[in-house]
Amino acid sequence: MPESPENQRPLSAVLADVAYHEGERISVAELTQLFGGRAIGALLFVFGLACILPLPPGATTIFGLPLVLLAPQLIIGAAAPWLPSGIRNRTVSTADLKKGLPRLVGALRKVEAVSKPRLTILFGPVGERLIGVVVLGLSLVLILPIPGGNMLPALAVSALSFALIQRDGLIALLGYLIAFVSASVLVAAAHIIVRMFVHVWSVISPA
């Protein structure tokens, strides 16, 4: 069945509608509706992109939870996205979205202009499931309250899901690279925190 004209619009055009949404708040359900019957990859992209924006504390959890639920659906090859009503009814301030979304839309338009299907071998059944596994791991990081720890994982999710939509293997490789760097940074940070905790404990604990 051919896609409707709404589903054929570039992602940047749909996100521009979000950026200039008239209401004071917009719900996850409204965001989902804007993408109509698009593939799960489109929703992974928009929620990953939202986690990059300079939003108030806790906002990445709002957008990270849908990612945690959508990524497994990509892994199992679901035909259409599904989210529970509790998540669909969550809202975020449109004023907060407007702080960074218009700039991201402009950057996305430039990427769309040069993106094209290439290295499509990365998007076979195994390739799509691999993207789902990586996105799921990154999503679990995004829902954690880690100050400043959301940028790289969110960027990796956005790159991988955009690559999935565009069938652009070059962007997929970039997404995998960002995911690797993100994991390395988080592991290094966790190691430092553990060492600091052990050191402090050794100082304050009785000999």
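## Burial and overall make-up

Of the 207 residues in the protein chain, 43% count as buried, where buried means under 20% relative accessible area, exposed means over 50%, and partly exposed lies in between, with a 1.4 Å probe and protein chains only. This is a predicted model, in which local features need pLDDT of at least 70 and side-chain atom pairs count only at pLDDT 80 or more, while totals for chains, interfaces and linings use all residues. Residues are numbered from 1 along each chain as its sequence is written, and side-chain values use heavy atoms, with hydrogens and water left out.

The protein chain has eleven helices and two strands, which are DSSP runs numbered from the N terminus (H or I of at least four residues for helices, E of at least two for strands). Along the sequence, these elements follow the pattern α-α-β-α-α-α-α-β-α-α-α-α-α. Among contacts between residues at least 6 apart in sequence, 75% join residues at least 24 apart, a contact being heavy atoms within 4.5 Å. The accessible surface of the protein chain comes to about 11100 Å², of which 70% belongs to carbon and sulfur atoms; such areas come from the Shrake-Rupley method with a 1.4 Å probe, and for residues only the protein chains shown count as cover.

## A covered helix, α4

Helix α4 is mostly covered, since eleven of its eleven residues are buried; among them are Ile40, Leu43, Phe45, Phe47 and Ala50. What covers the buried residues of α4 includes α2, α3 (28-34), α5 (59-75), α8, α9 and α10.

Helix α8 (residues 101-114) has 14 residues and reaches 20 Å from its first C-alpha to its last, close to the 20 Å expected at 1.5 Å a residue, where the expected span is 1.5 Å times one less than the number of residues. In α8, the residues Leu101, Val105, Leu108 and Glu112 are buried. They cover an arc of only 60° around the axis, which puts them on the same side of α8; the arc is that of the directions from the helix axis to the C-beta atoms. An α-helix has 3.6 residues a turn, so residues three or four places apart point the same way.

On the other side of α8, Arg103, Lys110, Ala113 and Val114 are exposed. The cover over the buried residues of α8 includes α2 (11-19), α4 (40-50), α7 (94-97) and α10.

Leu138, found in helix α9 (residues 125-142), counts as buried at 8% relative accessibility. Not counting residues up to four places away in sequence, Leu138 touches Pro153, Ala156, Val157, Ala179 and Ser182.

Ser27, in strand β1 (residues 25-27), counts as buried at 10% relative accessibility. Leaving aside neighbours within four places in sequence, Ser27 is in contact with Arg88, Asn89, Arg90 and Thr91.

Leu152, Leu155, Leu174, Leu177, Phe180, Val181 and Val185 make a nonpolar surface patch of about 600 Å². Patches are made of residues with over 30% relative accessible area and no salt bridge, joining like charges within 9 Å and nonpolar side chains (Val, Leu, Ile, Met, Phe, Trp, Tyr) within 5 Å; a salt bridge is a side-chain nitrogen of Lys or Arg within 4 Å of a carboxyl oxygen of Asp or Glu.

Helices α10 (151-166) and α11 (169-204) each supply at least two residues of the nonpolar patch, and α11 gives the most, with five residues. Phe180 lies in helix α11 and is exposed, with a relative accessible area of 57%.
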